[in-house]
Amino acid sequence: MDEEPLSQSKFDMAFRLPVVYRGDLHYAALVFNSLFGGSALSLLFTVVREKMSMAYYANSNFDPFRQLLVVQTGISYANKDKVQELILEQLERLKKGDFEDELLEQNKNNLISSYISRLDSQTSALLRAQSAALTGINVTIEEWLDNLQSVTKDDVMKVAKMVELQATYMLGTN
C-alpha cells in the first residue's frame, strides 16, 4: 500500500446555536454566520486565513433546522491549538460587537445579493417551496429582504452570545 504524507489536516468545531428556523432571531443568525465564517468578508476568512495565514480554508455554516453551527478549517496539524484559539477569539469579537458597522452592512448586502441571484433558480424555488410546506411558514421575497435588512449590531451580538461549543474534530497526523 502506498501512503502519501498529509500536508493538510481538517479541524472542525460544532456549536449549538438555538435559533429556530424563521424565529425571531433567524435573520440575525444568518447575518451572524456571514460575519463569522459564512462569506469571504467573514472574520474567519479575513483573520484566520488571510491575516494570520493559519488555515488553507476557514468557514462556517448555520443549519437552523438542527440549530447547529459548524466551523470547518484546513490547517497544518501543528497549528490546531492556535487555530482553535483564533476561532474562539473571532466569536468573542462578535459577542462584544467588535466589528465595524460597514462590515455588517457589507455582509447584509452580500446575503441580499446572493438571495436575489437565486430567485431565478429552479432548485432554489423548489427548496423555498419545500421549506414552506414542511414548516408551514411562507415568507415573501419582500418580507425576507426587510427582515434581513433590519438586523442590527445588537441582534448579531445577541446571537453570538447564544453560541455554545459542543465538539471538536481533528483529522490529520503530526
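In the predicted model, 38% of the 174 residues of the protein count as buried. The accessible surface amounts to about 9800 Å², and carbon and sulfur atoms contribute 49% of that area.

The secondary structure comprises seven helices and four strands, which are arranged along the sequence in the pattern β-α-α-β-β-α-α-α-α-α-β. The radius of gyration is 17 Å, close to the 16 Å that the globule rule gives for 174 residues, so the protein is as compact as a globular protein of that length. The C-alpha trace spans about 50 × 40 × 25 Å along its principal axes. Among the contacts in the protein with a separation of 6 or more, 77% are accounted for by residues 24 or more positions apart.

At the level of individual residues, S34 was examined in its local surroundings. This serine is found in helix α1, which covers residues 26–38, and S34 counts as buried because its relative accessibility of 3% falls under the 20% cut-off. The side chain of S34 is joined to that of N107 by a polar contact of 2.6 Å.

Technical notes: Residues are numbered from 1 along each chain as its sequence is written. This is a predicted model: local features need pLDDT of at least 70, side-chain atom pairs count only at pLDDT 80 or more; totals for chains, interfaces and linings use all residues. Side-chain values use heavy atoms; hydrogens and water are left out. Helices (H or I, at least four residues) and strands (E, at least two) are DSSP runs, numbered from the N terminus. The radius of gyration is taken over C-alpha atoms; the globule rule is 2.2 Å times the number of residues to the power 0.38. Buried means under 20% relative accessible area, exposed over 50%, partly exposed in between (1.4 Å probe, protein chains only). Contact means heavy atoms within 4.5 Å. Accessible areas come from the Shrake-Rupley method with a 1.4 Å probe; for residues, only the protein chains shown count as cover. A polar contact is a pair of N or O atoms within 3.5 Å; within protein, one must be able to donate a hydrogen and the other to accept it, and residues adjacent in sequence count only if both atoms are side-chain atoms.
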